Amino acid sequence: MSWAPPLLVAIPLLTAAVVAGGDHLLPRRVQDALAILAAAAVCCLGIALMVASEHREVVHWFGGWRPRGGVPLGIDFAVDPLSAGLAALVGGVVLVGLVYSWAYLSEAGRLFDTLMLVCCGAMCGFALSGDLFNMFVWLELMGVGAYALTGFDIRRLGPLQGAVNFAITNTVGGFFVLIGIAFVYARTGALNLAQIGHVLSGRKPDGLVIAAFTLLVCGFFCKSEIVPFHLWLADAYAVAPVPVCVIFAGAMTDIGLFGVARVYWTSFAAPFGPHGHAAGDVLLWLGLVTALLGGLMAFLQRHLKRMLAYSVVCHTGIMLAGLGLLSSKGLAGTADVLLAHALLTGGLFLAVGVLLAWRHSVDELALHGRARGRPWLGALWGLGALGLIGTPYLGVYLGHAQLDEAAASAGRHWAAPLLWLAGALAGAALLRAGARVFRGWGPDADPLLSPETDAKPPWPSGSVAFLATVTAVVILLGAAVSLVPGLAQRGEYGAERFRDRGAYAGHVLHGAPVPTSARLPYAVAHSTLESVLYGVGATALALALAAFGLYRRRLPQAAREAATRLLLPPLDGLRALHSGVVGDYIMWVTVGTAVTGGVWALVLR
Amino acid sequence: MSVLPYAVAVWICLIGLYGVVTSRNLIHLALCLTVTQSSTYLLLLAVGYVDGGRAPIFKGVKLGTTAVDPVVQALTLTDIVVSVTVLALILALALDVHEDVDTVDPDRIAEMHG
């Protein structure tokens, strides 16, 4: 099936060109239908490739430039089950976004479909690429599409601010990736990932290799919003149209993490060798800090899209911590969290879109009790929030259970409860908002929450019933992820394959059927008693925190005042960091990169 | 081979970033971004430079002639194309900001925060 990988990029990009070129010739609905078909085709091809790459990587050399004697001159797409799965997810998420925008963006069609498809093709190209420089090009292409989509509504200042901050921060991130690539090329003379890994495997990591790794990873972090590279995110998510938020949350953040995993395991794991755990620990800590800070910031929001944006930060942190455990189980847990999170967060963004179309607001306090008329929408919101916390057998629970086990077997027992705590914080914010909006519980004023701007988002005019149906399907699918039979096993097998550098390099460079260490069927326990307890505990904690958010007036006066004195200054400090000014963001990106690099320079040698 | 190009690349990268961090004007900021970007061109070209190497044009040249690395030049060209796209987009956004609120100061358009 080696003819198939380029189609995942060619279909969306060519359709994008046709839709843009036929803008004045084709009716709007035909354009939409073409775009939807293209996204569906990407999703189906991704699934087909996932099956086809079950036993060995599917490799495509462009123009037939195959490697000679293990030295590649051409450019390849190398597909393994995880990357094909990511491409399928990208196709699926873009499909959801396009179907939703069918009713959501009534007159704004035009180049919207084109930009969505360009993003889709670029993300697929990034996931499948076996060449470091091509990864950079796909990353930038995805970025350009994403900046334009963020600022889609150029008549208002908010989207412009969001798009400017997003574009500038991620452009600097892109430079870091490029400088990293230059360093790698200087050391190895190679751009093919497998070849880089092969050349580096024989050496000890020197300063240049560590600097290259740092720059690549920090560049990818800018896309996947790891603290302190995440500051642009809430500004962009708050103003982007809802279907765009879905593809940002469901696909773009994951792309950044995938990039980190890809360059680590195919290229850098070998030279780091026994010190690899030092690299992993830094990722684990960054992930934990990101998860906790994201959860806390989510709890302080009243703008529903900003709240969901910080919930995305929180879950990206959880996924990064899973990567940082550097084991197949951890990677599989990350992949399963990623799948459930993409669907659930996407679904919740869609639900916000329904609220916007129906009640013309995305402000938790302004919407107080105004959505009582659709209790089943409230039920879906609650299901989505519980699924994101990881209530046993719902949503991200399966991935969390795998992360618990991975943390225990890596001797990082303390990491598991912290990850659950972070998820509970973000979930508590969503539950609180749901209770306020759909039930009218609690007061309709809260000085703890960040102030709301006066700018009112334009509301869509589409059919609320249609939008709500799409929302329901996506949230129900996301909640059911933990119940899919065999997903844990497949995930772990895919992760084992992903980490098997020798087999990957053998397939890519020599075309040889090197036996992989991973074999199907894979027997893995679904979850342990410990995970069930953690899941129940996290749910209880989230409910308690949500109740605290709603009803803390009923606490004794003295306790409230003490809590205010103790908590408010650090929380205000935290808020002040998210200043909305792009210069501050770039400073944090630079400082974050320097500190990460400094730590690695100390521990990796 | 001299370390000078690398030192210059680091210097350009750092002053560009300094400009981005301190800028009070979006157009100026976009130009600072291109300054940072040009450090990557210099770095790539320095990486591929070979002492005494000629331009990598091999028509009518004896086999085995020393030439500088053509790959980094291709990378630089691609990089320029990519960066021009991004720059055009940022400038277009800056223009829209100016039409909207009559300022291009990033501090004054920060209506959302926290």
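Colleague: What should I know about the model before I start?

Modeller: It is predicted, so local features need pLDDT of at least 70 and side-chain atom pairs count only at pLDDT 80 or more, while totals for chains, interfaces and linings use all residues. Residues are numbered from 1 along each chain as its sequence is written, and chains are lettered from A and ligands numbered from 1 in the order in which they are written.

Colleague: How many helices and strands does chain A have?

Modeller: Helices (H or I, at least four residues) and strands (E, at least two) are DSSP runs, numbered from the N terminus. Chain A has 22 helices and two strands.

Colleague: What share of chain A is buried?

Modeller: We call a residue buried if 20 or more other C-beta atoms lie within 10 Å of its own, exposed if 12 or fewer, and partly exposed in between, with C-beta atoms placed from the backbone. In chain A, 63% of the 605 residues are buried.

Colleague: Is A:Phe77 buried or exposed?

Modeller: A:Phe77 is buried because it has 26 C-beta neighbours inside 10 Å. It sits in strand E2 (residues 76-79) of chain A. Two residues are in contact if their C-beta atoms, placed from the backbone, lie within 7 Å. Beyond four places in sequence, the contacts of A:Phe77 include A:His60 and A:Leu128. A:Leu128 is 51 residues away along the chain, yet the two C-alpha atoms are separated by 5.3 Å.

Colleague: And which residues does A:Thr171 contact, leaving aside neighbours within four places in sequence?

Modeller: They are B:Leu33 and B:Val86. A:Thr171 belongs to helix H6 (residues 157-188) of chain A, and counts as buried with 27 C-beta neighbours inside 10 Å.

Colleague: How many residues does each chain bring to the contact?

Modeller: Chain B brings 36 residues and chain A brings 39 residues. On the chain B side, helix H1 (4-22), helix H2 (26-48) and helix H3 (70-101) each supply at least two residues. H3(B) gives the most, with 14 residues.
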